[in-house]
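User: Got a model here I'd like to go through with you. Can we start with the part to be careful about?

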Amino acid sequence: MAKEFCVPGKDVVQKVRQEFGLNEQRVKESVEALKNWLAMQPHLPEESVSLPGSLHEARLERWLIRCKNSMERTKQSIDLYYTLRSLSPEIMCDWNPRSKWFQDTAQICCFFPMPELTPEGDRVIIIKYLTKDTTNFLYEDQARMTLMTTEVRMCEDYCFTDILIVDMENFTLGHNSKMKFTSVKKGEVCFMKAFSTRMKALHIINAPSYAEVFLAITKAVFSSKLTSRIFVHGKDLTNFSKQVPRMCLPDDLGGTGGSLQENWDLWLKKVDSYHDWFLQHDNFKSDESKRQGGHFDSGELFGFDGSFRRLNVD
């Protein structure tokens, strides 16, 4: 039976913090410094004015951890996050788990974290297409749902890195044809850069022979460093089963963590519990007319070479 996703215990929190030279006092000081920095940025929203202080601070701490306790990198990531909410609203906004687009997408594909961490303290993320019917499939909506999951994790999760597993059992030529490079690139920038996601590995399993386009796009949007962490297993999962602990996998993939659908249903309830917060948060984005130091060049952000402009955060 699947378990509910819960905030990791104090032992995990302490272990993760220690890895990056943090303790309770240093976290408080760093979070306060980030709050003060945010308040001095005219183009960025000061969320603490409207959001519960503990939730706002929790997100800032996760940003700090994901950026390996680098204040500079954390500021860049936060700035980029709010900038993308202005530049890419089709992916970064309208995060309403009770909207039709979300309900439809949740029946087409899933993206959720398994509740058990690996012994090394990593989080396993399951991605799967739930049906071969692509009539209502939109990659932009899949990306939006993915980012909503990531946002909830920013409020609750503690881990070192992510291990992503893409199950392509139901992947069809129809999915292939609806994936545009520019959209996938936008999704990658939002997921990897705005949230400073630390990807330990990306395992693609049950890949059909016609998945070359998907694989080519996936490898093209990632840096060479991350591309080296992509592993394709096809239908033979013998090697894959040796790399991910069974307790961190759904029963459907040879694990002991409950069925995939049970885990997905529990995670959807978790996301829905953030409904009011998502609606309120939808208003928070950068005001580019107030940015100091020049206009942000969105053309470079989603360039085909994968580069994006370094933000001025001082």
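Analyst: This is a predicted model, and pLDDT stays under 50 over residues 304-314. For that stretch the model has 31 contacts beyond four places in sequence.

User: What is the mean pLDDT of the protein?

Analyst: The mean is 89, with 91% of the residues at 70 or more.

User: And which elements have the lowest and the highest mean pLDDT?

Analyst: Helix H15, residues 298-301, is lowest at 61, and strand E1, residues 109-113, is highest at 98.

User: Switching to the sheet. What is the strand order?

Analyst: E1-E2-E3-E4-E5, in an open sheet of 5 strands with mixed pairing. E1 and E5 (230-234) are the edge strands, each pairing on one side only. From one strand to the next, the twist averages 15 degrees.

User: How many bridges join E3 to E4?

Analyst: There are 6, between E3 (residues 162-167) and E4 (residues 199-205), and the two strands run parallel. Val 166 has Ile 204 in E4 as its bridge partner.

User: Which helix lies across E1 and E2?

Analyst: H13, residues 260-272, running at about 75 degrees to E1.

User: Now helices. At what angle do H9 and H10 cross?

Analyst: Roughly 45 degrees, with the axes of H9 (residues 181-194) and H10 (residues 212-221) coming within 10 Å. The two helices are therefore oblique to each other, and their crossing is right-handed.

User: Which residues make that contact?

Analyst: Phe 181, Val 184, Lys 185 and Glu 188 from H9, with Ile 217, Ala 220 and Val 221 from H10. The contact residues divide into 5 nonpolar, no polar and 2 charged.

Definitions and conventions:
Residues are numbered from 1 along each chain as its sequence is written. This is a predicted model: local features need pLDDT of at least 70, side-chain atom pairs count only at pLDDT 80 or more; totals for chains, interfaces and linings use all residues. Side-chain values use heavy atoms; hydrogens and water are left out. Axes are lines fitted to C-alpha atoms, for helices over the stretch in contact, and angles run from 0 to 180 degrees between N-to-C directions. Helices (H or I, at least four residues) and strands (E, at least two) are DSSP runs, numbered from the N terminus. Angles under 35 degrees count as roughly parallel, over 145 as roughly antiparallel, 65 to 115 as roughly perpendicular and the rest as oblique. A crossing is left-handed if the near helix is turned anticlockwise from the far one by less than a right angle, and right-handed if clockwise. Contact means heavy atoms within 4.5 Å. Ala, Val, Leu, Ile, Met, Phe, Trp, Tyr, Cys and Pro count as nonpolar, Asp, Glu, Lys and Arg as charged, and the others, Gly among them, as polar. pLDDT is the predictor's confidence in each residue, from 0 to 100. Two strands pair if DSSP finds at least two bridges between them.
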